[in-house]
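Please go through this model with me before we discuss it. My notes are below, in the order I would read them.

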Amino acid sequence: MKTMRTRYFLILNGLFFMLLMTIANPSKASDLSKAALIPKPVSVKALGGSFELSAGVVIRIAEGQPEMQKVAQYLANQLNPATGYNIAIATTGDMPASNYILLEISNANNQLGQEGYELTVTKDNVRLSAGTPEGIFRGIQTIRQLLPANIESSQPQKGPWKIGTGTIVDYPSYTYRGSMLDVARHFFSADDVKRYIDLITAYKMNVLHLHLGDDQGWRIEIKSWPALTEIGGSTQVGGGKGGFYTQEVYKDLVQYAADRFITIIPEIDMPGHTNAALASIPELNPDNKPTKLYTGTNVGFSTLQTNKEFTYQFLNDVIRELTALTPGPYIHVGGDESHVTKKEDYIPFIERVQEIVLANGKLMIGWDETTLSALKPSTVAQYWSKAENATRGVSKGVKIIMSPAAKAYLDMKYHPKTQLGLHWAGYIEVDTGYKWDPATLVPGIAKENILGIECPLWSETVTNIKEIESLLFPRLPGYAEIGWTDAKSRNWEEYKIRLGYQAERFKVMDINYYPSAKVPWKSVK
Ligand code: TNX
């Protein structure tokens, strides 16, 4: 009798322990509703069973959708290394009863828009459907996060590779969700930029803004003005050797991003932040004498000559060549901190540059100061510092990208002891970075005025990819969620638990993250 009771007790205890384990480790759970997804999806309905990705699984695409071949291959490439499988891609004609992942373009659900997707998992198979290949691609990021963290490994791992059964319906809150990398203050190789693209891809961002020209460096080859990179590309903050992207290398980056449905937005900052150009091309200066290369970190001391025709011919060459390299709609022309350009010169300068961008067939983005000028409704202003600049933009009918420095600058330190980064806009701990709503942050800027959000990483203090990662992580997933997940569904207390589970993924992906004490980090092996 006694032994029976003890046994009963032990079994109950064991069951309770198993239950606890399930809650504590969502990657092992078959309950889809417990999956710690970032960004949080619009809706998740769990059915309690599980699908196991096993050897012989096939990725199916419909016949007559060749654009899906690439997306299917991307999924296979994500799954093959860790599973050790060599997943075949086949068309749906000969569909088996089970063990497949179907990627299907369908207009059945018109809520989904350009990037939404619907994921249905049964114990036999997985169906991912969307109106576009882009939507399928975003859904693939969800599949990655539904699998155990080890799926991110480049070496074969044990598995089992289970996903909870049920349905996820998901689409973004904002159409523009991006990050900026400053490759001008310090130069980063094309491989580093690809890594950056992969990191933002995993959280469903869709824009990489590259800050390609500043006082300390010019980083993109312009064939009509080779001195820009020969001279202007030859150094960086601290006096290192700098570097630049040839047009061939840059095109490859654009393609790498496009394969991940990420648009690269090139920025050449002007009329300030232009010392690298002024040092390269004598005629850009009032006395036709080049300035000296600059390797410090001051801002606001340089300017193009707004009253010289030469300046505009030069800019037209630059914008024309950038346009040819840019499949996306936007060219960013900076326009910030032009402290030595007179206001009466700055205003018409930006208007003329806007004409040049439009005449080349692109739309203009400028930092918030550009709203001083007359802007076309197709132009976009990026809010970083002055709310009055951004609201002026709204009154002029332009859309706003929200990058408030005190909330969204990835180069701000987490706290006073953080080694890298700056703190002129404050310290941005993980919770501070997460707890804001683009649509209510600035009175006078509502959701309909906002194109989306972007978190910029200025690189005065970072010199390599591992240092970049330490500022990006763990804040980046939060900015991705602000852009994707409706404000009503977001809450720090709940988010921080999901973020805690990402530690395992960070580890497997070899991401050098800051282990903030604000986050309950979970089970890092
Ligand atoms: C301000 S943000 C700048 C950059 C600096 C950054 C450092 C902006 C439009 N201008 O030139 O790199 O602060 O945080």
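This is a predicted model: local features need pLDDT of at least 70, side-chain atom pairs count only at pLDDT 80 or more; totals for chains, interfaces and linings use all residues.

The points below take the ligand site, then the nonpolar cores.

1. Ligand shell. There are 13 residues around the ligand. Those that come nearest are Arg-185, Tyr-409, Asp-411, Trp-424 and Glu-460. By class, the shell divides into 7 nonpolar, 1 polar and 5 charged residues.

2. Which side chains have an N or O atom paired with an oxygen atom of the ligand? Arg-185 is one, at 2.7 Å. Asp-411 is another, and its N or O atom lies 2.6 Å from a ligand oxygen.

3. Ligand burial. On its own, the ligand exposes 360 Å². The protein buries 98% of that area.

4. Main core. The largest nonpolar core has 105 residues. Within this core, Leu-181, Leu-208, Trp-218, Phe-314 and Tyr-479 touch the most other members. Which element gives the core its largest share? Helix α8, residues 309-324, does, with 7 residues.

5. Tyr-479. Look at the contacts of this residue beyond four places in sequence. Tyr-479 is in contact with Met-205, Lys-407, Ala-408 and Leu-410, among others. Its partners also include Ile-428, Gly-433, Trp-436, Ile-453 and Cys-455.

6. Another core, of 37 residues, lies apart from the largest one. Among its members are Val-71, Leu-103, Leu-119 and Val-121.

Terms used:
Residues are numbered from 1 along each chain as its sequence is written. Side-chain values use heavy atoms; hydrogens and water are left out. A residue is near a molecule or strand if one of its heavy atoms lies within 4 Å of it. A polar contact is a pair of N or O atoms within 3.5 Å; within protein, one must be able to donate a hydrogen and the other to accept it, and residues adjacent in sequence count only if both atoms are side-chain atoms. Accessible areas come from the Shrake-Rupley method with a 1.4 Å probe; for residues, only the protein chains shown count as cover. Ala, Val, Leu, Ile, Met, Phe, Trp, Tyr, Cys and Pro count as nonpolar, Asp, Glu, Lys and Arg as charged, and the others, Gly among them, as polar. A nonpolar core is a set of buried Ala, Val, Leu, Ile, Met, Phe, Trp, Tyr and Cys residues joined through side-chain atoms within 4.5 Å. Buried means under 20% relative accessible area, exposed over 50%, partly exposed in between (1.4 Å probe, protein chains only). Helices (H or I, at least four residues) and strands (E, at least two) are DSSP runs, numbered from the N terminus. Contact means heavy atoms within 4.5 Å.
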